[in-house]
Amino acid sequence: MIKLNKVEIKPDIYWVGGIDWDLRNFHGYEIQRGTTYNAYLIVDKEITLVDTVKHYLFDEMLARIKEIVDPQKIDYIVSNHVEMDHSGSLPKMKKEAPDAKIITSTRGEKGLLRHYKKDLGFRVVKSGDTLNIGKRTLHFVHIPMVHWPDSMVTYIPSDKLLLPNDAFGQHIASSERFDDEIEWGILREEAAQYYANIVMPYGDQVKKALEAVSGLKFDMIAPSHGIIWRSRIPKIIEEYKKWASFEAEKKALIIYDSMWGSTEKIAYALYEGISESGIPVNMRNLKNTHISDIITDIQDSKLILLGSPTLNNGMMPSMGGFLTYLKGLRPRNRIGFVFGSYGWGGQAVGEIEKILKDLSWDIPFDSININYIPDEEELNNAKDIGRKIGIYLKK
Ligand code: FEO
């Protein structure tokens, strides 16, 4: 049997999660540092496990639990969220703890039944319900759509501990468990990338969730992925408020693909013009930048320029794939600009414009669409437009 160090995060409350060192793709979102699935064991009169881990890390979680208690003695398993990275070990865990009741939301029960086709012995809790387990009382707050309709927070007032599942998570596999053991730059980058790729469409629900927990007193946020927050709670809450409001910096981001270099020439002319206006501008070539990294850049940038040549009467597939992802994540309050080149037809620019209009972005300038190869005058014109857009953003 493997033996693993136990991590006590509060007196008699232990992190018993699993570390997924090798994962680099989280349902299409490319991650750099692996991830963790965090489960927490509360040792009280009635022993309670909060969440489980992805199915293939069950043995690791069980080994950690066995360091602390006999799993058969577990009375409750709280399932804050149905998604399989957290519930994947629930059926096996139920076999280890046959008397445990599964505490979940109404939608959680429905979701778990659809996933595991079996009544695991559920006890449904409404938002605001409590459960006394001895010295502690657990409070349950529903936070629908952060990340799924079933999502729920478990709050333990006596320990000032918030267990919000996906909210405040980051994909970081690490031997460190706490936010003061890792550089803020890395934490902020991973939390931002996680928010952009997973939580972004649900800004309104995140605001409601932040309101719902704003009256609670806590000095630790222990999410279901990555590092536990104890020293930088105000900082991460500030970031969440900003992201949930779709606030962005006065920065520009040029996202493009090119076939024979014409659209790229326009991209660089725009880049020059925007730079001259004094606005910071970044370039993202869809050929070599993953869409999940670009979405994170969009979260930070107010002005988004999108360029594609026309290929087979439409946009380049790389741009099509990116815009499909963008439409799903629905960033708001952005200024958009479209450019491209074509041999005949020239439909790509119109297709991109339509998507930006559907997202209700501000599109203050006419698009550029150039036949075959831009000449000097056309490139100067693109540079001039870049400058004007930069000035527009500065206002
Ligand atoms: Fe980490 Fe929505 O699951």
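Which element gives the largest share of the lining of the largest cavity? In this predicted model, the answer is helix H6, with 4 residues. H6 covers residues 203-214, and together with strand E15 it makes up the elements that supply two or more residues to that lining.

The structure holds 1 cavity of 30 Å³ or more, and about 90 Å³ of space lies inside the largest cavity. Empty space of this kind shows up when a probe the size of a water molecule is rolled over the atoms. Lining the largest cavity are Ile143, Val146, Val153, Leu162, Pro164, Ala167, Phe168, Val206, Ala209, Leu210, Val213 and Tyr240. Sorted by class, that lining comes out as 12 nonpolar residues, with no polar and no charged ones.

Strand E15, one of the elements around the cavity, also belongs to a sheet. That sheet is open and has 5 strands in the order E12-E13-E14-E15-E16, with mixed pairing. Its edges are strand E12 (130-132) and strand E16 (220-223), each of which pairs on one side only. On average, neighbouring strands here are turned by 20 degrees against each other, direction ignored. E15 spans residues 161-165 and pairs with E16 in the parallel sense over 3 bridges. In one of these pairings, Asn165 has Pro223 of E16 as its bridge partner.

Tyr40, for instance, has Val50 in E8 as its bridge partner. In general, strands of a sheet pair through backbone hydrogen bonds, either parallel or antiparallel.

Then there is the largest pocket, with a volume of about 320 Å³. A total of 17 residues line the pocket, and those nearest its centre are Met259, Trp260, Thr310, Tyr342 and Gly343. Helix H8 (262-276), strand E20 (310-311) and strand E22 (335-342) are the elements that give two or more residues to this lining. The lining of the largest cavity, by contrast, has no polar residues.

Last comes a pair of helices. Two packed helices are described by the angle between their axes and the distance between the axes. For helix H10 (residues 317-329) and helix H11 (residues 347-358), the axes come within 11 Å and cross at roughly 10 degrees. Because angles under 35 degrees count as roughly parallel, H10 is therefore roughly parallel to H11. On the H10 side, the contact is made by Met319, Leu323, Leu326 and Lys327, while H11 brings in Ile352, Ile355 and Leu356. By class, this contact has 6 nonpolar residues, no polar ones and 1 charged residue.

Definitions and conventions:
Residues numbered from 1 in each chain as written. Predicted model: local features only at pLDDT ≥ 70, side-chain atom pairs only at ≥ 80, totals over all residues. Heavy atoms only, no water. Pairing = 2+ DSSP bridges. Axes fitted to C-alpha atoms, helices over the stretch in contact; angles between N-to-C directions. 1 Å grid on protein atoms, 1.4 Å probe; cavity = no way out; pocket = protein on both sides within 12 Å on 5 of 7 lines; lining within 4 Å. Points joined across faces, edges and corners; volume = space filled by probe spheres on them. Parallel < 35°, antiparallel > 145°, perpendicular 65-115°, else oblique. Contact = heavy atoms within 4.5 Å. Nonpolar A, V, L, I, M, F, W, Y, C, P; charged D, E, K, R; others polar.
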